[in-house]
Amino acid sequence: MSSAQEAFPKPRIFISRCIEFDACRWNGAMIGCDFVRVLKPLIEPVTRCPEAEIGLGVPRNPVRIVRHEGALALFQIATGRFYTKEMLAYCAAETARLGELDGAIFKEKSPSCGDRDVKIYASADPLAAQNGKGRGFWAEAFIQVYPDIPEENEGRLNNFTIREHFYTAIFTRAAFRHAKQSGAMKDLVNFHTRNKLLFMAYNQAVMRDLGRLVANHDQLPVEHLFAAYQEQLPRMFQRIPRRGSMVNVLLHAFGYFSGQLENRERSHFLELLEAYQTGRLPLSACQTVLQSWIERFNQEYLRGQSFFRPFPQALIDISDSGKGVGSARE
Ligand code: SF4
């Protein structure tokens, strides 16, 4: 792949500031995170630390979410103080200032930033038991404002499959934003064309809807098309694609070459495909063979397909937390 094709527009990503950006945790520490370190130069980060920014300071006594007078409240046991009002005001003001974003990485389990599974305590009594789980105050407000955004926490992103899916979604959104900024119909058409195989793997129904928009039979103004396309695009990345969908796309790409290959090459590829389908090989094993044929037969259309490189090479790292999610991109 040429360096020009490797030039990905930078996604604008919200990241909880304590992950690799600042030692602003309650105990004055920073969370070290290998993949965020690699991601940093490839994105436009937008960071916040809600707890430090509402004046709790660094270091500070920890806060927790408690049930209080029929609602959820942010409570600091050491001082006996509630910070709910300050946090809600901060969330309302700051979420309105973030601008257009392509994704979010939250600090897991934080009563402010946690996007899921944050402990909720039965009351403000220091001895109260946990009696539920939910989102942190900031994450809740953020997701209300950005309901369709690809969002994860740094714990889940340790899983290779979840991470690849997240990277695919954020870099595709950034590329779309880039095309939208130009406002030119040809850039919308190019974007759609470049992503055809990727979309085919992710969601064929959404791909057809987007294709109809780009075909523009009703001769709508280009701004209208970009807006409608942007509204539909998040549906594409709602689910991690199944292996079967990936296999269909790999077979589709294989079809471009099969007539030019030796029997033994065809058999070898079909064996790899079978090994991928049964989980014995990663997707990249099949993609790499196809990429070598793209170069050998100079297949221009496939060379431009994002399916073979949906995000920068530097982010390819197959290390995993070991917690599988049973999806395609393994
Ligand atoms: S989790 Fe959020 S509030 Fe807590 S230290 Fe990190 S950025 Fe700040």
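A: Axes are lines fitted to C-alpha atoms, for helices over the stretch in contact, with angles from 0 to 180 degrees between N-to-C directions. The model is predicted: local features need pLDDT of at least 70 and side-chain atom pairs pLDDT 80 or more, while totals for chains, interfaces and linings use all residues. Residues are numbered from 1 along each chain, and side-chain values use heavy atoms, without hydrogens or water.

Q: At what angle do helix H10 and H11 pack?
A: Helices are DSSP runs (H or I, at least four residues; strands are E, at least two) numbered from the N terminus. Helix H10 covers residues 243-254, and its axis lies 10 Å from that of H11. The angle between the two is about 165°.

Q: How many residues of the contact of H10 with H11 are charged?
A: H10 contributes residues including Arg-243, Met-246 and Phe-254 to the contact (heavy atoms within 4.5 Å), and H11 residues including Arg-266 and Gln-277. Asp, Glu, Lys and Arg count as charged, Ala, Val, Leu, Ile, Met, Phe, Trp, Tyr, Cys and Pro as nonpolar, and the others, Gly among them, as polar. The contact divides into 9 nonpolar and 2 polar residues, and the number of charged ones is 2.

Q: How far apart are the axes of helix H11 and helix H12?
A: Helix H11 (residues 263-277) and helix H12 (residues 283-296) pack at an angle of about 150°. H11 and H12 are therefore roughly antiparallel, and the crossing is left-handed. Their axes are separated by 8 Å.

Q: How many nonpolar residues are in the contact of H11 with H12?
A: On the H11 side the contact includes Phe-269, Leu-272 and Leu-273, and on the H12 side Val-289, Leu-290 and Trp-293 are among the residues. There are 2 charged residues and no polar ones, and the nonpolar count is 10.

Q: In which crossing, left-handed or right-handed, does H3 pass H4?
A: Helix H3 (residues 84-95) and helix H4 (residues 137-145) have axes 10 Å apart at an angle of about 30°. The contact of H3 with H4 has 9 nonpolar, 2 polar and 1 charged residues. The crossing is right-handed.

Q: What distance separates the centres of domain 1 and domain 2?
A: The domain assignment, automatic or from a database, gives domain 1 (12-158) and domain 2 (161-330). Over C-alpha atoms, the centres are separated by 33 Å.

Q: Which residues come nearest to the ligand?
A: The shell around the ligand (a heavy atom within 4 Å) has 5 nonpolar, 3 polar and 6 charged residues. Of the 14 residues in it, those that come nearest are Cys-18, Cys-49, Arg-60, Ser-110 and Cys-113.

Q: What is omega for the peptide bond from Val-58 to Pro-59?
A: Pro-59 sits in the loop between helix H2 (50-56) and strand E3 (64-68). The bond from Val-58 to Pro-59 is cis, with omega near -10°.

Methods
Parallel < 35°, antiparallel > 145°, perpendicular 65-115°, else oblique. Left-handed = near helix turned anticlockwise from the far one by under 90°.
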